Amino acid sequence: MEASNQSAVTEFVLLGLSAHPKLEKTFFVLILSMYLVILLGNGVLILVTILDFRLHMPMYFFLGNLSFLDICYTTSSVPLVLDGFLTPRKTISFSGCAMQMFLSFAMGATECVLLGMMAFDRYVAICNPLRYPVVMSKAAYVPMAVSSWAAGGVNSLVQISLAVQLPFCGDNVINHFTCEILAILKLACTDISINVISMGVANVIFLGVPVLFIFVSYIFILTTILKIPSAEGRKKAFSTCSAHLTVVVIFYGTILFMYGKPKSKDPLGADKQDVSDKLTSLFYGVVTPMLNPIIYSLRNKDVKTAVKTLVSQKCFAQ
């Protein structure tokens with residue numbers, strides 16, 4: 001960004017729930033509690049996938065990556081949100097805002113790709129079980145995970161680089177809890193069509209393509225499961241992918257709820273909806289990462305057993 005633009009805006013003001021101070025203390029306790037659950041739940045999942053040799057498989061390697069990603073994603077924004085609930089004037093530097101945008105955007109894009117990779121893993125395991133050790137060897141699934149992180153990082157770098165080069169001519173109030181990129185683009189005093197097009201292309205690549213890939217994968221998976229003659233065999237096969245399918249439905253279902261609902265045309269209604277949108281976005285950022293370890297612990301027998309073993313070992317050690 002040019003020097004004149006940098007001198008115009010050196011920091012941003014985050015509105016958050018400034019208009020509703022009575023709610024801030026309540027949401028501080030609620031979000032902090034959820035954040036601690038995220039750190040504990042995903043931390044335990046990472047530990048069991050590393051320490052339990054029975055979980056040294058591609059499926060659980062991806063799960064460990066997903067848990068680490070959820071910790072990174074929430075840590076990139078939740079501490080800022082919590083600080084905002086307690087600070088009368090909620091400000092963040094221009095560079096700090098750019099870094100926070102980069103991290104949250106990168107983690108979101110990476111999760112989309114990673115969920116697609118996990119769907120492919122389940123497809124091979126169910127539809128081509130004899131070839132599974134060859135197709136999903138360590139030489140394959142490690143680069144798959146690395147490419148997910150790399151793709152998310154590159155996409156975020158492109159989007160944030162385009163955003164920070166825009167001129168911001170004095171208006172530095174972000175109507176959000178964090179430096180959400182769409183809220184930042186609204187503050188630019190120039191044409192943002194390139195940014196809109198770039199984000200549209202990115203949405204197709206990182207949202208549309210993974211969703212289509214997951215959908216097609218599960219069509220083949222369900223078709224294969226229905227061909228299994230015994231009910232017990234069908235149940236066992238479906239149980240290996242039910243946790244992933246549940247996470248996918250929650251993840252993409254929340255995104256569709258956030259961006260697919262109609263906007264209010266009434267000014268008063270729009271104001272209420274604005275608060276609703278911010279709260280929905282906030283809870284989306286913490287609820288999904290909080291539910292992931294719970295879902296995998298409850299719906300996956302191997303993970304449940306590994307967690308119980310880890311907890312019992314800790315108890316006996318004490």
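1. Basis. The model is predicted, so local features need pLDDT of at least 70 and side-chain atom pairs count only at pLDDT 80 or more, while totals for chains, interfaces and linings use all residues. Residues are numbered from 1 along each chain as its sequence is written, and side-chain values use heavy atoms, with hydrogens and water left out.

2. Overall make-up. The protein has 12 helices and 3 strands; helices (H or I, at least four residues) and strands (E, at least two) are DSSP runs, numbered from the N terminus. Of the 318 residues, 45% are buried, where buried means under 20% relative accessible area, exposed over 50%, and partly exposed in between (1.4 Å probe, protein chains only). Among contacts (heavy atoms within 4.5 Å) with a separation of 6 or more, 80% are between residues 24 or more positions apart.

3. Annotated spans. The unreviewed UniProt entry gives "transmembrane region" for residues 27–48, 60–82, 102–120, 140–158, 204–226, 238–259 and 279–298. Positions are in the numbering used here, feature names are shortened, and annotations may be inferred rather than shown by experiment. In the model, residues 27–48 are 100% helix and 0% strand, with the end C-alpha atoms 31 Å apart. Residues 204–226 are likewise 100% helix and 0% strand, and their end C-alpha atoms are 31 Å apart.

4. Helix H7. This helix runs over residues 138–164, 27 residues in all, and its first and last C-alpha atoms are 39 Å apart, close to the 39 Å expected at 1.5 Å a residue. The expected span is 1.5 Å times one less than the number of residues. Its buried residues include Tyr141, Met144, Ala145, Ser148, Gly152, Asn155 and Gln159. An α-helix has 3.6 residues a turn, so residues three or four places apart point the same way. The cover over the buried residues of H7 includes helices H3 (58–75), H5 (94–127), H8 (181–185) and H9 (193–226).

5. H7 against H9. The two axes come within 10 Å and cross at roughly 165 degrees; axes are lines fitted to C-alpha atoms, for helices over the stretch in contact, and angles run from 0 to 180 degrees between N-to-C directions. The crossing is left-handed, that is, the near helix is turned anticlockwise from the far one by less than a right angle; clockwise would be right-handed. On the H7 side the contact includes Gly152, Asn155 and Gln159, and on the H9 side Asn195, Met199 and Phe206.

6. H3 against H5. These axes also come within 10 Å and cross at roughly 165 degrees, so H3 is roughly antiparallel to H5. H3 passes H5 in a left-handed crossing. Residues of H3 including Phe62, Leu66, Leu69 and Tyr73 meet residues of H5 that include Met107, Glu111, Leu114 and Met118.

7. Ile225 lies in helix H9 and counts as buried because its relative accessibility is 6%. Beyond four places in sequence, Ile225 touches Ile126, Arg234, Ala237 and Phe238; the C-alpha atoms of Ile225 and Phe238, 13 residues apart along the chain, are separated by 7.0 Å. Leu86 lies in helix H4 (residues 78–86) and is partly exposed because its relative accessibility is 47%. Leu86 touches Lys25 and Phe28, not counting residues up to four places away. Pro21 is 65 residues from Leu86 in sequence and 9.7 Å away in space, C-alpha to C-alpha.

Key:
Angles under 35 degrees count as roughly parallel, over 145 as roughly antiparallel, 65 to 115 as roughly perpendicular and the rest as oblique.
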